[in-house]
Amino acid sequence: MKLIQFREPGPPRVLQCLDVPVPEPKPGEVLIRAHAIGVGIPDCLIRAGTYGWMPPLPATPGTEMSGIVEKVGPGVTSRRPGQRVYTTARERPHRGGHYAECVATPAEATFVLPDNVGFDEAATLANYQVAYHIFNDAVRPQRGQSMLTYAAAGGMGNALIDLAKAAGLVIIGVVGSEEKARFARELGTDHVIDRKREHVGKRVSEITNSRGVDVIVDPVGGPSIPGNIALLAPSGTLVVYGGLGGKAQLDLQPTLRASKNSPAIRQFSIHTWDHLVEERRAGMRALIGMLDAGKLHPRIHARLPLAQAARAHEMLESGAVLGKLLLVP
Ligand SMILES: NC(=O)c1ccc[n+]([C@@H]2O[C@H](COP(=O)([O-])OP(=O)(O)OC[C@H]3O[C@@H](n4cnc5c(N)ncnc54)[C@H](OP(=O)(O)O)[C@@H]3O)[C@@H](O)[C@H]2O)c1
């Protein structure tokens, strides 16, 4: 079977496509044959060696996969061959591991998919899991409040917009091109700001009648933090959940003292749920239920062959992806 692996971190070309034997499920494990594999920025961070929770090397990127149980290992009674499932590295001790035609994984790391839920849409669930815990745990916005999200046309943006719409929020989406602006509107963004052509602060002020935004969900972090604090409404919350803008040594005291809005800043990481097993699984089951009920609308940018994992990373890192990119075996 095909397996994507890198020996040393580096640019996308370090990803090699190997031909390896199909793994045998050990006691308690199931063997899953992939139908769709999600690609996200955390995979690129693992490949680049900058992820905060690196798996041991050599490593295979990939947070998630949907597919069919092909075989069950000794002692497994909760799953059976032929079942359609979703599985995620967030249920395993190490991140990555899913850029493969097949994986052997603990049965408890799998979620059974209802017939109604397609393999492609299931392979986007990692983003929805982050968005779910942002809205249910990190901030609990009230219906009618406003939310601003950066990278609104990306995979995480798609998930945040879907859940924000379900929660009745007014959505402001920031994007980096006209094409992405159109796409973000299609996803349901109420107000779109093109950060390359418009002044984000001025537009936020116009949209909110100078009140500011109740919740900002920010994957950029670093140098963007002071500017985002200034965009908050009274008692607003800035949730920083990524580091696309790079690192910055910040003295936030002057910004916080100057702000009259009693702002809150929250650093969000899905790793908080690494040890909150029941909460994490309950969230995932709720999201699969929402997919089943047609309440989530993940959009797929493209389905690339697994062997083209390096190209997938180049596309994602160049900002060319609208919605979610998938690898298929
Ligand atoms: N904290 C967690 O637990 C967690 C878990 C999963 C993912 N994440 C984070 O979620 C973020 C999005 O991941 P994704 O896979 O869905 O990727 P994505 O949104 O498809 O791709 C990144 C997009 O971010 C925007 N961007 C890049 N640099 C920017 C900058 N300096 N300022 C403003 N926007 C910038 C670009 O869109 P535009 O050109 O349209 O602006 C780019 O296309 C990443 O930061 C990732 O690390 C965090």
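How are α3 and α4 oriented to each other? Before getting there, keep in mind that this is a predicted model, where local features need pLDDT of at least 70, side-chain atom pairs count only at pLDDT 80 or more, and totals for chains, interfaces and linings use all residues. Residue numbers start from 1 along each chain as its sequence is written.

Let's start at the ligand. It has 27 residues around it, and A151, G154, G176, G242 and I270 come nearest (a residue is near if its C-beta atom, placed from the backbone, lies within 6 Å). Two or more shell residues come from each of α1 (41-48), α3 (125-138) and α4 (155-166); helices here are DSSP runs of H or I, at least four residues, numbered from the N terminus. With three residues, α4 gives the most. Domain 1 (2-124 + 298-328) and domain 2 (128-271) each supply at least three shell residues, with bounds from an automatic or database domain assignment.

Now for the two helices. The axes of α3 and α4 come within 8 Å and cross at roughly 45°, axes being lines fitted to C-alpha atoms over the stretch in contact, with angles from 0 to 180 degrees between N-to-C directions. α3 and α4 are therefore oblique to each other, that is, neither under 35 degrees (roughly parallel), nor over 145 (roughly antiparallel), nor 65 to 115 (roughly perpendicular).

Who touches whom? On the α3 side, the contact includes N127, Y128 and F135, and on the α4 side G155, M156 and L163 (contact means C-beta atoms, placed from the backbone, within 7 Å).

Definitions and conventions
Two residues are in contact if their C-beta atoms, placed from the backbone, lie within 7 Å.
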